[in-house]
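Could you walk me through this structure?

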Amino acid sequence: TLPWDLAGRHVVVTSGGTREEIDPVRFLGNRSSGKQGHAIAAVAAARGARVTLVTSSDLPVPAAVEAVHIESALELREETLRAAAHADVVVKAAAVADFRPADVSESKLKKGSESEPAEIRLQRNPDILADLVAARSAGDVPAPCVLVGFAAETGDSSGSVLEHGRAKLSRKGCDLLVVNEVGRDTTFGQDDNGGWILGADGAETTLDRASKDLLADRLLDAVTALSLRRTRR
Ligand code: C5P
């Protein structure tokens, strides 16, 4: 049985990959399924939290979770900041597109037409996690609110997965960062996941490959430990 340790807490979770509109029928997307974020929302609710799930995923909404459906990064930003205004925890499991098409066509782009698109110009999306950190500093998100980011990393010549994760944690300024190693056939869309939970305080927890539900439970343990140190009930 799960602990009832999130009773009275409001947990906001984002999940799924954003869809950036090109024209009325097409979008730019990514391989995020929403499974990990949905698992976190489900486990948080099962541990007693009031949960708002801001998602682009078509997966069923977990029991006792309030879902807000969005498509684009801009919609995700608006709904996440709105929900975060009264949150104790925000977990950003969504895979946000870094770029969106600079111009959205109001009618379907057609082959062979005069306006046949040779290229799609891209525009940078805001970094929602960085905006949450700034909103907390500005007092628009409660100061004790625990902010959790996710990082999908691959190792390369400039460093290992873990090194990239540590750098990202300090760059983003969030409290906890879940670092997953990703490739075409790992993590995205799968039922299991593994990696590390890195804390801004230097704490580091290894997550052996396990179900996304179990990983959600481990993450919420790390969140409550941090949250208890910050707030008194
Ligand atoms: O920079 P990167 O995309 O790897 O960072 C991942 C983390 O930042 C995730 O928690 C993701 O939800 C968040 N993010 C965001 N806004 C963006 C890009 C990423 O909130 N535009």
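Predicted model: local features only at pLDDT ≥ 70, side-chain atom pairs only at ≥ 80, totals over all residues.

Let's start with the second largest pocket, where the largest share of the lining, three residues, comes from strand E2. This pocket holds about 240 Å³ of space. It is lined by 13 residues, and the closest to its centre are Arg19, Glu20, Glu21, Glu71 and Ser72. Besides E2 (20-23), the elements that give two or more residues to this lining are strand E3 (26-28), helix H2 (73-84) and strand E7. Sorted by class, the lining of the second largest pocket has eight charged residues, four nonpolar and one polar.

Now turn to the largest pocket, with a volume of about 910 Å³. There are 37 residues in its lining, and Ala94, Ala95, Val96, Phe150 and Ala152 are the closest to its centre. Two or more lining residues come from each of helix H1 (35-46), helix H3 (128-138), strand E9, helix H4 (161-172) and strand E10 (176-181). Of these, E9 gives the most, with five residues. By class, the lining of the largest pocket is made up of 14 nonpolar, 13 polar and 10 charged residues.

The next stop is an annotation. In an unreviewed entry, UniProt places the feature "binding site" at Asp98, Lys108, Pro126, Asp127, Ile128, Leu129, Phe150, Lys168 and Lys172. These positions are spread over 75 residues of sequence, and they are spread in space too, with up to 38.1 Å between C-alpha atoms. How does this set relate to the largest pocket? Its lining takes in Asp98, Pro126, Asp127, Ile128, Leu129, Phe150, Lys168 and Lys172.

Two members of the annotated set are worth a visit. Phe150 is found in strand E9, which covers residues 146-153. Is Phe150 buried or exposed? Its relative accessible area is 19%, and buried means under 20%, so Phe150 counts as buried. Leaving aside neighbours within four places in sequence, Phe150 is in contact with Gln36, Ile40, Val91, Lys92, Ala93, Leu177, Val178, Asn180 and Leu219.

Lys108, in turn, lies in the loop between strand E7 (99-101) and strand E8 (122-124). With a relative accessible area of 44%, Lys108 is partly exposed. Not counting residues up to four places away in sequence, Lys108 touches Asp23, Pro24, Val25 and Arg26.

One of the contacts of Phe150 is Lys92, so let's go there next. Lys92 is found in strand E6, residues 89-92. With a relative accessible area of 6%, Lys92 is buried. Which residues does Lys92 contact, leaving aside its neighbours within four places in sequence? They are Thr14, Leu76, Ile128, Leu129, Leu132, Val148, Gly149 and Phe150. For a sense of distance, Lys92 and Arg124 are 32 residues apart along the chain, and their C-alpha atoms are separated by 19 Å.

Ala64 sits in the loop between strand E4 (50-55) and strand E5. Although Ala64 is not a glycine, it has a positive phi of about 60°. Its relative accessibility is 70%, and Ala64 counts as exposed. Val65 is found in strand E5, which covers residues 65-69. At 12% relative accessibility, Val65 counts as buried. Beyond its neighbours within four places in sequence, Val65 is in contact with Ala41, Ala45, Val51 and Leu53. Val65 and Ala42 are 23 residues apart in sequence, while in space their C-alpha atoms are 7.1 Å apart.

Strand E11 (residues 192-199) and strand E12 (residues 204-211) run antiparallel and are joined by six bridges. What is the bridge partner of Asp192 in E12? It is Ser211. Four residues lie between the strands of this hairpin, and Gly202 takes a positive phi near 95°.

Notes: Residues numbered from 1 in each chain as written. Heavy atoms only, no water. UniProt positions renumbered as here; feature names shortened; annotations may be inferred. 1 Å grid on protein atoms, 1.4 Å probe; cavity = no way out; pocket = protein on both sides within 12 Å on 5 of 7 lines; lining within 4 Å. Buried < 20%, exposed > 50% of the residue type's maximum accessible area, 1.4 Å probe, protein only. Contact = heavy atoms within 4.5 Å. Points joined across faces, edges and corners; volume = space filled by probe spheres on them. Nonpolar A, V, L, I, M, F, W, Y, C, P; charged D, E, K, R; others polar. Pairing = 2+ DSSP bridges.
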